[in-house]
Amino acid sequence: MATPTKPLDAGSVAGLVADDVEIVRRVLAHIDAGTTDEGVAWREPVENYLDPARFAAEMRMLRATPSVFAPSAAIPDPGDHVERTAFGVPLFAVRGRDRRARVFRNACRHRGFTLVEGAGCAKALVCRYHGWTYRLDGSLAHVPHQDAFPDLDMAARGLVEVPSREADGLIVIDGLSGGFPQSAGDAALAWLTDGRAWRDKLVPRQLVQVDSTLRAMNWKVLVEQFLEGYHIRWTHQNTFFPLQYDDLNVVEQFGPNSRITFPYRNIERLRDRPQSSWTTDARVTYLYQLFPNVMLATFPDLMLVVVIDPVDVGHSTVVIYSLARSEIAERVSGDNRDGAGTLVARGAVEDNEMSEGVQRGLHSGANEFVEFGRHESAIGHFHAVLDERLSQLSAPTASSGIHR
């Protein structure tokens, strides 16, 4: 049995997602009834994972849409910088002396050499090739043997900035190319810069670790692994299942985004306590899927910001930023040096094994579509938004998914 997701009530977090008391109520009701939130089922054509033309259309859409670039905690102090290839475009973010975060295209204005490599902190940005030097605000400060460039306009040859906003713990970039109607782009940006649903969980954190891994999977397969709890019993028998429930989730959508609540078994200890004391801290994992390619996942000692960057139709780069509250950051950082031994990391290994199996199965010819049931409705929502965004571009795409 399953029950439909209820509309948010007046006690919700600023009308976007339910507050702690409502989440506990809904989880306990599901435990008692043996149910879970349900929504619309979805069938996604297998060709949409394998067709290079479809992938090319997705990349055009992804470059045109606003997206989360990195958590603010990745560059807390002036001079801190971090780079990432977003949808095939090399970029970096740097915090200026004015404490403003800026995002630039990652290329020197002389010969195009990659200016920022990895993460670090610097008083100025110096190209390793010829020494062209840029201030933290992107302006060109120094050119060796400047007299060799008689037509050089220093003021016009600063780094190329990507419009961005920093809000509620996230650095969000505008689309990297055109293609969307202005109204659609503005709406997409608004849903990423209004962090009322997650700010209290993300902002009081500091960075403890960054991990980047190339995986031989289509980017959508990787997104999907985060968005349902139907697999907990079978995939995570010795990791999450002893602590969590199988196929029991609260699923909420706000705009193109979703929040999925994965409750821990200890939530039942709240039954005999006053509702005024109910809190979900250390009693649920919240998974925020911020369209198109970013997940925020809460755990008792950690918050993960997971960015999935498509590389080609069968490969993606996964960047994981691990954040912790300042009072436990040093301890958590030490624990993470042996990340494979932690519960969260072992669960991630199991999820990736399943996704690798899905990727192989897509090539088997057994299925015309991938089946997502009513208990996996957040995945259907993701694909529906993806189809809608693709339709807003002029380029044709492969067939759309099917509601049932």
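How many residues of domain 1 are in contact with how many residues of domain 2? In this predicted model, 18 residues of domain 1 touch 14 residues of domain 2, contact meaning heavy atoms within 4.5 Å. Residues are numbered from 1 along each chain as its sequence is written. Local features need pLDDT of at least 70, side-chain atom pairs count only at pLDDT 80 or more, and totals for chains, interfaces and linings use all residues, while side-chain values use heavy atoms, with hydrogens and water left out.

The domain bounds come from an automatic or database domain assignment.

| Part | Residues |
|---|---|
| Domain 1 | 20-65 + 201-394 |
| Domain 2 | 67-167 |

The centres of the two domains, taken over C-alpha atoms, are 32 Å apart. Domain 1 and domain 2 bury about 1200 Å² between them, 69% of it on carbon and sulfur atoms; buried area is the accessible area (1.4 Å probe) that two parts lose on being put together, summed over both. Arg63, Asp309 and Tyr321 supply 36% of the area that domain 1 buries against domain 2, more than any other three residues.

An open sheet is formed by 5 strands in the order β8-β5-β6-β7-β12, with antiparallel pairing. Strands are DSSP runs of E, at least two residues, numbered from the N terminus, and two strands pair if DSSP finds at least two bridges between them. β8 (120-121) and β12 (161-162) are the edge strands; each has a single partner, so one side of each is left without a neighbour in the sheet. Strands β5 (residues 80-86) and β6 (residues 89-95) run antiparallel and are joined by 6 bridges. Val89 in β6 is the bridge partner of Ala86.

How values were computed. Helix = DSSP H or I, 4+ residues; strand = E, 2+ residues; numbered from the N terminus.
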